[in-house]
Amino acid sequence: MDTEIIIIYCICDDYLKSIHHREDPQCLMSDGEVMTTALVAVLYYGGNFAMARRVLDKPEYITSMLSKSRFSRRLHRIKHHYLAVFALLAEMWKALNDKQIYSLDTFPVSVCDNYRIPRAKVYQEKIFHGYTPSKRRYFYGLKIHLLVTEVGQPVEFFLTPGSFHDGGCLPLFDFDIPAGSTVYADKSYNLYWLEDVLKEVGIDLLPIRKKNSKRKLPPWTIYLQNVYRKAVETAGSLINQRMPRHIHAVTAACFELKVTLFILALSFSHLFKVAT
């Protein structure tokens with residue numbers, strides 16, 4: 001764990017130095033240490049910032065730990081840097097992905113149980129009430145739209161309200177992947193016009209076809225779909241395992257930040273495997 005904390009801090013601190021990030025000279029705790037504390041919280045303590053602060057408040061880790069309220073304010077002030085760190089790691093995963101095979105899927109994140117929906121304060125609109133066909137269950141919260149490599153390393157993601165349809169959100173992906181890549185997906189992503197557009201730039205989008213589809217796929221492609229889609233399903237399971245049963249958040253911004261951190265934690269967990 002000590003080695004992993006050092007890796008997290010070095011990456012965050014080096015990134016901030018590379019963009020010439022400036023801090024107030026009176027700050028006793030650097031922004032790199034703030035970023036590290038939040039990532040340690042989602043990696044090892046289920047997103048419990050208080051627990052991570054308590055563990056890292058030692059001379060060998062962080063000598064001047066902020067209070068709960070000040071830490072929260074500093075964290076939200078620099079939250080956009082987490083997306084930049086995610087993008088840097090994503091570039092590395094794309095470079096290491098020799099076969100250029102990717103898969104994508106969507107995963108629900110509930111903000112509360114269904115019977116608590118009338119009392120929910122983080123989100124209150126009907127648009128956040130979604131349905132998960134695989135579990136035959138309604139939920140209230142967000143959807144994670146995730147694109148991963150052949151071995152489950154995340155390279156792109158975005159969040160939408162729970163009621164948004166998976167296929168309708170497919171054009172929101174940047175598909176910033178090399179030409180010659182193949183992307184596997186499930187039945188929800190049968191958008192022929194987008195397949196044609198991606199084909200023009202050298203990207204093959206191959207979702208599982210519906211029974212009435214006019215674009216049938218050969219048997220070997222159907223076999224590969226079932227093989228490679230396991231990577232994104234495993235990635236979603238790993239993200240869900242790190243999440244607590246209830247993500248403590250007072251505001252929507254805080255809830256979305258924690259969800260983003262859990263996705264970034266998945267990328268760091270793959271980094272630790274490569275480093276060791």
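Helices (H or I, at least four residues) and strands (E, at least two) are DSSP runs, numbered from the N terminus. The model described here is predicted, so that local features need pLDDT of at least 70 and side-chain atom pairs count only at pLDDT 80 or more, while totals for chains, interfaces and linings use all residues. Residues are numbered from 1 along each chain as its sequence is written, and side-chain values use heavy atoms, with hydrogens and water left out.

Gln100 lies in the loop between helix H5 (80-96) and strand E1 (101-112). Although Gln100 is not a glycine, its phi is positive, at about 55 degrees. The relative accessible area of Gln100 is 14%, so this residue is buried; buried means under 20% relative accessible area, exposed over 50%, and partly exposed in between, computed with a 1.4 Å probe on protein chains only. Phe175, in the loop between helix H6 (166-169) and strand E5 (182-185), is likewise a residue other than glycine with a positive phi, here near 50 degrees. With a relative accessibility of 7%, Phe175 counts as buried.

The packing of helices was examined next. Axes are lines fitted to C-alpha atoms, for helices over the stretch in contact, and angles run from 0 to 180 degrees between N-to-C directions. The axes of helix H1 (residues 2-18) and helix H2 (residues 31-44) come within 9 Å and cross at roughly 140 degrees. H1 and H2 are therefore oblique to each other, given that angles under 35 degrees count as roughly parallel, over 145 as roughly antiparallel, 65 to 115 as roughly perpendicular and the rest as oblique. The crossing of H1 past H2 is right-handed; a crossing is left-handed if the near helix is turned anticlockwise from the far one by less than a right angle, and right-handed if clockwise. On the H1 side, the contact (heavy atoms within 4.5 Å) is made by Glu4, Ile5, Ile8, Tyr9, Cys12 and Leu16. On the H2 side, it involves Asp31, Gly32, Glu33, Met35, Thr36, Leu39, Val40, Leu43 and Tyr44. By class, the residues of the contact of H1 with H2 comprise ten nonpolar, two polar and three charged, where Ala, Val, Leu, Ile, Met, Phe, Trp, Tyr, Cys and Pro count as nonpolar, Asp, Glu, Lys and Arg as charged, and the others, Gly among them, as polar.

H2 also packs with H4, at an angle of about 100 degrees and with the axes 10 Å apart. H2 is thus roughly perpendicular to H4. Asp31, Val34, Thr37 and Ala38 of H2 make this contact with Phe71, Arg74 and Leu75 of H4. Four nonpolar, one polar and two charged residues form the contact of H2 with H4.

Tyr61 is placed in the loop between helix H3 (49-56) and helix H4 (68-77). Its relative accessibility is 27%, and Tyr61 therefore counts as partly exposed. When residues up to four places away in sequence are not counted, Tyr61 touches Asp2, Ile5, Val55 and Leu56. Tyr61 and Ala38 are 23 residues apart along the chain, and their C-alpha atoms are separated by 14 Å.

The structure holds ten aromatic pairs. Rings of Phe, Tyr and Trp (its six-membered ring) pair if their centres lie within 6.5 Å; planes under 30 degrees apart count as stacked, over 60 as edge-to-face and the rest as tilted. One of the pairs joins Tyr44 and Tyr45, whose ring centres are 6.5 Å apart and whose planes stand at 70 degrees, so the pair is edge-to-face. Tyr44 is partly exposed at a relative accessible area of 28%, and Tyr45 is partly exposed at 25%. For Phe268 and Phe272, the centres are 6.2 Å apart and the planes at 45 degrees, so this pair is tilted. Phe268 and Phe272 are separated by about one helical turn because they stand four residues apart in helix H9 (residues 252-275). Both Phe268 and Phe272 are buried.

Thr221, in helix H8 (residues 219-242), counts as buried at 10% relative accessibility. Apart from neighbours within four places in sequence, Thr221 is in contact with Tyr184 and Leu206. Arg136 is located in the loop between strand E2 (129-132) and strand E3 (137-149), and at 72% relative accessibility this residue counts as exposed.
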